[in-house]
Amino acid sequence: MSELILIRHGQATPFEADTDRLSPLGEQQAWTVGAALHAAGVRPTHVLHGPLVRQRRSAQLAHQPGWPDPVLDPRLAEFDGDGLVGHLAPILAERDPAFAALSAELAAQTGGPERNRAFQNYLEALAAAWQAGTLTDRRVEPWAEFRARVRAALTDVLRQGSGSTVLAFTSGGVIGLTVALALDAPDASALTLNWRVKNASVTRLTFGGGRVSLDTFNETHHLPPDLISWR
């Protein structure tokens with residue numbers, strides 16, 4: 001049997017002008033998850049990362065002596081969250097008064113837990129419309145294309161030889177969808193899982209003989225309490 005270990009990147013900077021970089025906390029998280037995996041005896045045969053800065057940087061910081069060099073797999077990119085917010089949200093706000101109210105509520109928040117709560121409500125409604133295919137823009141990758149590329153990446157991992165250990169540094173949407181695919185769960189489950197994936201968490205799947213099974217989801221026991229974050 002072989003193992004696929006999915007690692008969410010460290011904390012990024014979602015409320016800043018540049019959303020695709022690690023925060024100082026995110027850098028600590030990325031280093032810690034690599035050190036913890038190495039201390040636990042994980043010796044990967046393959047290390048992959050997506051094309052986003054936060055994914056690549058997490059793989060670099062986590063890298064340990066004896067691990068193979070990280071390899072870029074563009075299919076591990078997160079869905080286009082900036083595109084959803086920048087291009088799709090204005091369309092949905094014009095169509096849907098309830099979403100327009102969520103947008104106004106978010107705009108009224110200046111920070112703290114209230115802003116996170118408002119942003120989560122806003123993002124869940126926006127992503128659900130995108131996933132349903134009722135909200136589109138040529139500049140934003142459709143859900144069907146996102147699903148197809150993540151499935152293709154998973155299929156290639158499952159072709160690795162027996163005894164392989166694959167580390168993949170990616171994002172919550174990719175992790176949620178991979179778990180949903182492994183469980184043959186409805187697409188809506190992928191987004192539900194995505195919202196729960198913590199920074200620098202570990203999700204483990206065992207594969208072999210054409211089968212894949214979920215072992216653990218969203219592990220954070222390797223992180224001290226002060227390094228655990230959700231966004």
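The largest pocket of this predicted model has a volume of about 760 Å³. A pocket here is an open set of points, on a 1 Å grid over the protein atoms alone, where a 1.4 Å probe fits, with protein on both sides within 12 Å along at least five of seven lines; points are joined across faces, edges and corners, and the volume is the space filled by probe spheres set on them. Its lining, meaning residues with an atom within 4 Å of a point, comprises 31 residues, with Pro 14, Arg 54, Gly 81, Phe 119 and Leu 123 nearest the centre. Two or more lining residues come from each of helix H3 (81-95) and helix H5 (112-132). Domain 1 (2-78 + 143-227) and domain 2 (81-132) each supply at least three, the bounds being taken from an automatic or database domain assignment.

Helix H7 (residues 172-183) has 12 residues and spans 16 Å from first to last C-alpha, close to the expected 16 Å, which is 1.5 Å times one less than the number of residues. Helices (H or I, at least four residues) and strands (E, at least two) are DSSP runs numbered from the N terminus. Because 11 of its 12 residues are buried, H7 is largely enclosed by the rest of the structure; buried means under 20% relative accessible area with a 1.4 Å probe, protein chains only. These residues, among them Val 174, Ile 175 and Leu 177, pack against strands E1 (2-8), E4 (165-170), E5 (202-208) and E6 (211-219) and helices H6 (143-158) and H8 (187-194), contact being heavy atoms within 4.5 Å. Asp 184, with a positive phi near 55°, follows H7.

Residues are numbered from 1 along each chain as its sequence is written, and side-chain values use heavy atoms, without hydrogens and water. Local features need pLDDT of at least 70 and side-chain atom pairs 80 or more, while totals for chains, interfaces and linings use all residues.

Technical notes: Buried < 20%, exposed > 50% of the residue type's maximum accessible area, 1.4 Å probe, protein only.
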